[in-house]
Protein chains: 2
Amino acid sequence: MFLVKNSNGTARRGELTTCHGTVQTPVFMPIATAGAVKTLMASEVTALGASVILGNTYHLLLRIGEERMRALGGLHKLMRHDGPILTDSGGYQVFSLSGAKLSARGGSASGGNKTDEDGVTFQSHIDGATLRLTPESSIAMQQAIGADILMQFDDVAAGDSPRERYEDAMRRSLRWAARSKIALLTTPLPSYNPPPHLFGIVQGGTHEDLRAESAKGLVDIGFDGYAIGGLSVGESRSDTFRIAKATATMLPVDKPRYFMGGGMPEEIVYYVSVGIDMFDCVLPTRNARHGMLFVWKDDPSISVRRAFELAQQGASDVDIADTLYEKMHITKSIHAEDLSPIDAWNTGAPTSQEFSRAYLHHLFKADEILGLRLATLQNLRFYLRMMEELRACI
Amino acid sequence: MFLVKNSNGTARRGELTTCHGTVQTPVFMPIATAGAVKTLMASEVTALGASVILGNTYHLLLRIGEERMRALGGLHKLMRHDGPILTDSGGYQVFSLSGAKLSARGGSASGGNKTDEDGVTFQSHIDGATLRLTPESSIAMQQAIGADILMQFDDVAAGDSPRERYEDAMRRSLRWAARSKIALLTTPLPSYNPPPHLFGIVQGGTHEDLRAESAKGLVDIGFDGYAIGGLSVGESRSDTFRIAKATATMLPVDKPRYFMGGGMPEEIVYYVSVGIDMFDCVLPTRNARHGMLFVWKDDPSISVRRAFELAQQGASDVDIADTLYEKMHITKSIHAEDLSPIDAWNTGAPTSQEFSRAYLHHLFKADEILGLRLATLQNLRFYLRMMEELRACI
């Protein structure tokens, strides 16, 4: 169940209820790709302020498999996460990880992948084994994981596809949306899995009319929430912003809206300002492992509000970013003797107050795993704190 | 100051006072090679029951250097460790890491290293740069680190050296011991460094008469504690045991005795039984990162006492090991669906109670960094718990 509690312009402040707890939106969902938010225990992610985390069906399918996941009693138990879990459907990973990109020429086949009306045959990026996902098998795997929020299986077109490919992929995704819903309704849940939500995914590339057709088709089927898929895949940021904003207006006001796979802090602030409620992105965790930290420029209780207002006023993404953070590249020698804390403003990440930039610099230079942890804690808390402040703006 | 509080046979229960706190002996010191116990924060190591940790002068010299270490205010501040720190002198790393092993032919020169009466010239194992350590520069670096317990700089002979090489290295180490003590007494400490202890290192390979000469020479100079060096470097375990036991009897009863760089749990139980007080070893942390866990066979409050009694009775190391632990290779498929905790007996490592063998297996198979952490916490706690139980036996 989703409740819009407040609004500010088109931005919404909501509450999404799941069987593993209530999620305050707008929300950022840290990514536990293969059953762990990289370097962290679930309890540490929760302590940073996360509620719902995201598990990747593709990775868990390849690494654990459906049968074993059922034997293990699902992901909550395995990784010791008591809060909600959202799973993607695997559609995007099949497209992005498994062999080459899907062919833009009708999407029928490309290096390692073959999409037909029934599903996708693909090669494992780990051992090259041939595997297959269909709407039904994706839902079955997501049920085995025990997700609280399941995503429909979708057909993802590459970012530079011709219009016909977007049209085909969007219409196929609609048919697969219906099949995903039927699969969920007709397949018995594992005993450990309380009744979950199912979200549809709006496709259609950067074509507003295709997005509108997709949104209408999904609403006709009826879902617990609606995701905006197929963005942040190579198109220009102005296209992403335009389509995200337009698509948000096409979706029911009483259901959560989820922007999949994006993005930088300034993007999320913008998406929130146009009424999107849920986000996931690898950037905070992946950048952390590469030594790139998001560091507050100012007290976030002030700067996030300023950024939010800039977004509402249609300011440029560069200006919004500039208000929020500096990118700190911790391996630069300028940090070698800097005894100031990693980020004094980033309260809620105790390690960012406790440890110095000099120590983090040293840990990265010496290839110490602890450095990856401290950077991950900083960046995840940055994102989660930003969401807290955004919620306070609405 | 060291106080022997109790004894059981030749085993001693002691208390070593430092300016950063009192250490209960026998003690195991986790190794923070380059300013971090691998994967862990200092506070986590303390929470496992560690008091004193070990920093490697060689690694900190290469990675940070003396001048910068002083500018940073020492290692306690950098890594946020409030307890005591012991530093080795770099002598062993110069021998083991930098280029090939020292030549056994008089020790004058070998691949990458050149030992003369004044010190050792060696190549950095990181970038091949030519560096030099002397007793004076080693002490200066250890002072810069701000160690509570410093080790003399010593000349380490390879494990298969002829007697003359051991003799030369031992006598040179004695001269370097005197120089190390003079260096500490005559060099002003950094402002952040309270007065430390200095330990001498007994050398002499597997020759009891050389060990006796070394021990006497060191006692004549006078140190706050005495280490047994140059063992666990390739000699047979019966030789190690024989020399460790013999050397312990050569050392003053009122000073701590430190076995450097050893060893497996059954070895430590044996060394404790013959009156050695301090230990360090990479095995728990390094094996953890290779997926090899020490797992209790039985309640350690019972099994450690049994192992200690076996050691006192002169039982074989195999029997002592068999009483204590199983080696669990977590990547084996037998663990893939095992939902039992990593080690139910290993209280004091909450993660070993909380997470299942199946999860740890999965994390290792999926190359998740969290797996390295959970395994490290298990193994370190195993060693630290073993020391707690050994102390309770004495």
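**Entry 1: a hairpin in chain A**

I began at A:Gln123, which stands opposite A:Thr130 in strand β11(A). The model is a predicted one, in which local features need pLDDT of at least 70 and side-chain atom pairs count only at pLDDT 80 or more, while totals for chains, interfaces and linings use all residues. I number residues from 1 along each chain as its sequence is written, and chains are lettered from A and ligands numbered from 1 in the order in which they are written.

Helices (H or I, at least four residues) and strands (E, at least two) are DSSP runs, numbered from the N terminus. Two strands pair if DSSP finds at least two bridges between them. β10(A) and β11 (residues 130-133) of chain A run antiparallel and are joined by four bridges. Their hairpin has six residues between the strands, and A:Gly128 takes a positive phi there, near 75°.

On β9 (residues 113-115) of chain A I found three bridges to β10(A), again antiparallel. A:Lys114 stands opposite A:Thr121. Four residues lie between β9(A) and β10(A) in the hairpin they form.

**Entry 2**

I traced an open sheet of nine strands in chain B, with parallel pairing and the order β4-β16-β15-β14-β13-β12-β7-β6-β5. β4 (27-29) and β5 (31-32) of chain B are the edge strands, each pairing on one side only. Two bridges join β5(B) to β6 (residues 53-55) of chain B, and B:Ala32 stands opposite B:Gly55.

**Entry 3: helix α8 of chain B**

I checked the length of α8 (residues 208-221) of chain B: its 14 residues should span 20 Å at 1.5 Å a residue, and the end C-alpha atoms are 20 Å apart, which agrees. The expected span is 1.5 Å times one less than the number of residues.

The buried residues of α8(B) are B:Leu210, B:Arg211, B:Ser214, B:Ala215 and B:Leu218. They lie on the same side of α8(B), because they cover an arc of only 135° around the axis, taken from the directions from the helix axis to the C-beta atoms. On the face turned away from them I noted the exposed residues B:Asp209, B:Lys216 and B:Asp220. The cover over the buried residues includes α7 (163-186), β13 (197-202), β14 (225-228) and α9 (237-250) of chain B. B:Gly222 follows α8(B) and has a positive phi, near 95°.

**Entry 4: how the two chains meet**

I looked up the contacts (C-beta atoms, placed from the backbone, within 7 Å): 30 residues of chain A touch 30 residues of chain B. On the chain A side, α15(A) gives the most, with five residues. That side divides into 19 nonpolar, three polar and eight charged residues. Nonpolar means Ala, Val, Leu, Ile, Met, Phe, Trp, Tyr, Cys and Pro, charged means Asp, Glu, Lys and Arg, and the others, Gly among them, are polar.

A rotation of 180° with 0.0 Å of shift along its axis superposes chain A on chain B (RMSD 0.0 Å). That is the relation of a two-fold axis. Copies are superposed by least squares on the C-alpha atoms of residues with pLDDT of at least 70 in both. Of the residues of chain A, A:Ile369 comes closest to the rotation axis, at 3.9 Å (C-alpha). The copies meet through the same surface, because 100% of the interface residues of chain A are also interface residues in chain B.

Methods: Contact = placed C-beta atoms within 7 Å. Buried ≥ 20, exposed ≤ 12 C-beta atoms within 10 Å, placed from the backbone.
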